[in-house]
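Please look through the notes below with the model open beside them.

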Amino acid sequence: MKLSALLTSAGINIALCVVLLLLYSILRRQPGNVSVYFGKRLAEENIRRRDKSALERLVPSPSWLLKAWEYSEEELLSIAGLDAVVFLRIVVFSIRIFTIAGTICMFGVLPLNYFGQEMRHRQIPSESLDVFTISNVMEGSKWLWVHCLSLYIISISACVLLYFEYKKIVKLRLAYIIGSPPNPRHFTILVRGIPKSMDESVCDTVRRFFSKYYSNYLSHQMIYRTGKVGKLLNNAETVYRNVINLKEIAIQKSCGPHGIRSGLCGGPPGSFQLYHNEFDLSVRESNLSGITPSIKEKECAAAFVIFKTRYAAMMASQVMQTSNPMTWVTNLAPEPLDVYWSNLWLPYRQLWIRRIGTLFAAIVFMFLFLIPVAFVQGLSQLDQLQKMFPFLKGILKKTLVSQLVTGYLPSVILLLFLYLVPPTMMFFSSVEGAISRSGRKKSACCKVLYFTIWNVFFVNVLSGSVISQIDTISSPKNIPMQLAKAVPRQATFFITYVLTSGWASLSSEVMQLFALVYNLVRKHVCRCKDDDPDSVPSFPYHTEVPKLLLFGLLGFTCAILAPLILPFLLVYFCLGFVVYRNQFVNVYSTKYTMGGKIWPVVHNTTVFSLVLAQIIALGVFGLKESPVASGFTIPLVIATLLFNEYCRRRFQPVFRSLSAQDVIDMDRKDEEQGRMEEIHEQLMSAYCQFPLKRASKSEHDTECSERSIRIEESESSTSDTTATVSGTATTTAIELTRSQPRNGTTAAASGKRLSFVGFQRALSSFSLFMAIRNRKALR
C-alpha cells in the first residue's frame, strides 16, 4: 500500500467525522431529539430544553466539547457510577502511554526505519508504507539498539502507569463498597442445586437447612420458573397497576374521539375504546380461591437466602455446604436490579454442559469468520487481486479506484462484518447461564475481546502473509523471514482499520444513528408524542471495552515496528475521551453496576499486549541478526510477567470478594446507629421475583420472607377488562389470588398469583395500556 492510499482513507474518514460531529451539534439542539441525546438527563432530571430561535438551532457549535471536558472525576462518579469512571480511566491510560510511545517512536524510530537502507526515495505520497516500518532496516544494522531501548521505555512506562491505575481503581472500588448505602446483595446469597424431597416443598427444605446450620439466617425467597410467559406477565402487571392507580378517575365506558391517529394502522380518531369493570381485589380472591397451582411444579431448585449480617452472608457464600459439591452451591447474590431472572431457574448440573456448548459454538463462529477476513486481505493485496481476477486489471489501474480498494474498502467491509459479533456473543453469554446482567455483559465483553484479537490481529497477520507470499511459500528457507515481516506489512492495514473502526465509530457513537432513526419513526410514523424515560439504554461495555483494548494491542505491537500508527491512535483516544464523557453524562443510564470488575480484564489484556509486542520484537531482532537487541529483550519479557503476577496477587482479590474487616466494620456501624432492623425490613422485599406492591410491615414480619408470585397458565379465561382495537375485541384475564399454605407447613407460599392465558392476552394488555395513555392525553 502506498502512502497516498492511506491519505485517501484518512481524508475520507476525517471528512466523515467532521460532517457527523457538526450535524450532531445541530441535531442535539432540536427539541424533538431530546430523548435521543439527553435520554439519561431526561429520565433522571426531567429536563425541558429552553426554546431557541430557529437560526440558533441550525448553527453548529463546539460548546458540547467544552461542557464534556469540564466534568471532574468526582462528578462523573456521582452521575454515571464507578464503571463509567473505570472505563474513562482506560482512555486516560491509553492517552498517557501512547503520548510517550508516539514521542519516542515518531522522532527516534521512524527516521531510522525510513533511512534504514541505502535506496533512492520517491516523493513522500508515492512511497510505499513498508519503508516506514522496521522491515526497511538492514540486517545487522547497528541502529537496532534504538528500537530495543524504545521498547524498554514503552514497557516500563506502561507497567508504572498500570500499577498506579490499578491502585487508584482499587481505592475507588473500596470507597464505593464502604461508602454506599446498605446493599441487599451483601446480605444475600444465591443457593442452587437444592435437593428436592418428596415429603416437603423446596421452600421448606431451604428453611430447615439454613435454620439448622446458620444462627444468622433471616429468611429466604424462592425462585420460580417463568420463561417468556413471565416476561409478558410483567408487562401485563404494569398495566394492571396503572389501572389501579387510576381508580379515582371516572373512566367512561367509551373514550371520546381524540386527534391522535394510530400511525401505520391508519385508524380514524376514536378507534380505541375501553370498557371498564371495577377491580375489587377481595372479590377476585373469593372467586378464584379454588384455583391453586402445584407448588412443586413451579418451584426451582434455587433460592435467595437472606442473613442478618454481611459477614454471615459472605462466609456462607464461600464455604462448601455439604460433602457433595454439586448440591447447595452458594454465591453472593447480584444486586436486585442486576438479577438476570431468566437464567436462575436453570439446573446447576446443566451449567457445565451449556458452557461447553457455548464454547464450541463460539469457536465455530470464529472459524466461519475467517471467510470475510480472507476476502478483506485479498482486497488489500492489489497485485494478488489482479492475478486472481484478470478482468479487473483495467479498473484497478486507475489511481483513485486502487487507493479506495486498498486503503479504505478492506477496513469498511471488515467493520460491517464485525457488527454481527457483539449481539452474537451476548446471546452466547445468555445461553451460558449468567445469573446477573452485569455478569452477562462482562462475559460477552471477554468473548468479543478474544474474538476481535484473534480475527482482527492474528488472522489478518497470518492470512496477509500467506496471500502476499503465495509464490515463495514453497521455499522452506524463506518461511521464517516472511513470517518475521508479516506484522510490519499488516501494520498498514491496521492503520486504515484504526481510521475506519476508530474515528468513524466515535462520530457514529455520538450521533446515535440507530436511536435517531428509531425516534423519527416513532414520532412521525407511529405518532407517539411522549418520551419514555424507561427506554434509556445502558452503556455497551461489551462493544466499547474490546475496541479500546484492541487498539491498545495494535499500538503496542506496532510501536517500534510501524510507528506511523501512533498519531492516529492518539487522536482516536483524545476524541474518545470527550465523546464518552458526553455520552455518560447525557445519553446512557446506569441501570446496574459491575463495581469496576472490568479493570482486571483490562489489566491482563494490556500486559498480554506488552508481552506479545516484546515477543514479536524479539523475533524481528533475531531475524535482523542483532544478538544484542535480542539478548536484552528476553529479560524484559520475564520482568513484565513478574509484574503481572505481583499485581494479580496484590490487587485482584479485591475484585473477587469482600474482606472480613470491611464487612464486620459495616455491620458494627449499622448496629451502633440502630439501622439493622430497618435494613432487615428492606431486605424482605428486595428480591421478590414479581413485585406488585410493597408489603406492609406486618406482612414483612410474618410471611414476606417467603412471599412469591405463582404463574399459572390456565386454559380457562375470565373476562375482567376488555380493550377493543378498531372494533376487534380481545380478552385479558389478570387474576390475583393468595396461594393456600400446605398442610403441616407455614404460609410460606402465600403471595400474589397471576394467571395469563396465551399470547393473545399479551396483545390485549398492550391495547389496554394504549387506551389508558390516550385517556391521560384527553385529561
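1. Overall make-up. This is a predicted model. The protein chain holds 33 helices and nine strands. Of its 779 residues, 54% count as buried. Among contacts in the chain with a separation of 6 or more, 81% are between residues 24 or more positions apart.

2. Helices α23 and α26. Helix α23 covers residues 486–511 and helix α26 covers residues 565–586; their axes come within 10 Å and cross at roughly 15 degrees. Angles under 35 degrees count as roughly parallel, and α23 and α26 are therefore roughly parallel to each other. The crossing of α23 past α26 is left-handed.

3. From α23 come F494, I495, V498, L499, G502, W503, L506, E509 and V510. They meet a set in α26 that includes F568, L569, Y572, L575, G576, V579 and Y580. The residues of this contact of α23 with α26 divide into 15 nonpolar, four polar and one charged.

4. Helices α13 and α30. The axes of α13 (residues 310–318) and α30 (residues 660–672) come within 8 Å, with a crossing angle of roughly 150 degrees. Angles over 145 degrees count as roughly antiparallel, so α13 and α30 are roughly antiparallel to each other. On the α13 side the residues are R310, Y311 and M314, and they meet A660, V663, I664, M666, D667 and D670 in α30. By class, the residues of the contact of α13 with α30 are six nonpolar, no polar and three charged.

5. Helices α6 and α7. Helix α6 (residues 73–80) packs on helix α7 (residues 82–114) at an angle of about 135 degrees, and the axes are 7 Å apart. That angle makes α6 oblique to α7. E73, L76, L77 and A80 of α6 make the contact with L82, A84, V85, L88 and R89 of α7. The contact of α6 with α7 has seven nonpolar, no polar and two charged residues.

6. Helix α20. Does the length of this helix agree or disagree with what 1.5 Å a residue gives? The 12 residues of α20, residues 421–432, should span 16 Å, and the end C-alpha atoms are 16 Å apart, which agrees. Its buried residues are V421, P422, M425, M426, F428, S429, S430 and E432. The helix is followed by G433, whose phi is positive, near 110 degrees.

7. Helix α27. This helix, residues 599–623, has 25 residues and reaches 36 Å from its first C-alpha to its last, close to the 36 Å expected. Helix α27 is mostly covered, with 18 of its 25 residues buried.

8. Residue E625. Just after α27, E625 takes a positive phi of about 60 degrees, although E625 is not a glycine. The residue sits in the loop between α27 and α28 (627–650). Is E625 buried or exposed? With over 50% as the cut-off for exposed, E625 counts as exposed at 52% relative accessibility.

9. Residue Q512. Q512 has a positive phi of about 55 degrees although it is not a glycine. Q512 lies in the loop between α23 and α24 (513–524). The cut-off for buried is under 20% relative accessible area, and Q512 is buried at 11%.

10. Residue P334. The place of P334 is in the loop between β5 (329–332) and α14 (351–368). P334 is buried, with a relative accessible area of 5%. Which residues does P334 touch, not counting those up to four places away in sequence? They are R185, F304, V339, I435, S436 and Y687. P334 and H186 are 148 residues apart in sequence, and their C-alpha atoms are 8.8 Å apart in space.

Technical notes. Residues numbered from 1 in each chain as written. Predicted model: local features only at pLDDT ≥ 70, side-chain atom pairs only at ≥ 80, totals over all residues. Heavy atoms only, no water. Helix = DSSP H or I, 4+ residues; strand = E, 2+ residues; numbered from the N terminus. Expected span 1.5 Å × (residues − 1). Buried < 20%, exposed > 50% of the residue type's maximum accessible area, 1.4 Å probe, protein only. Axes fitted to C-alpha atoms, helices over the stretch in contact; angles between N-to-C directions. Parallel < 35°, antiparallel > 145°, perpendicular 65-115°, else oblique. Left-handed = near helix turned anticlockwise from the far one by under 90°. Contact = heavy atoms within 4.5 Å. Nonpolar A, V, L, I, M, F, W, Y, C, P; charged D, E, K, R; others polar.
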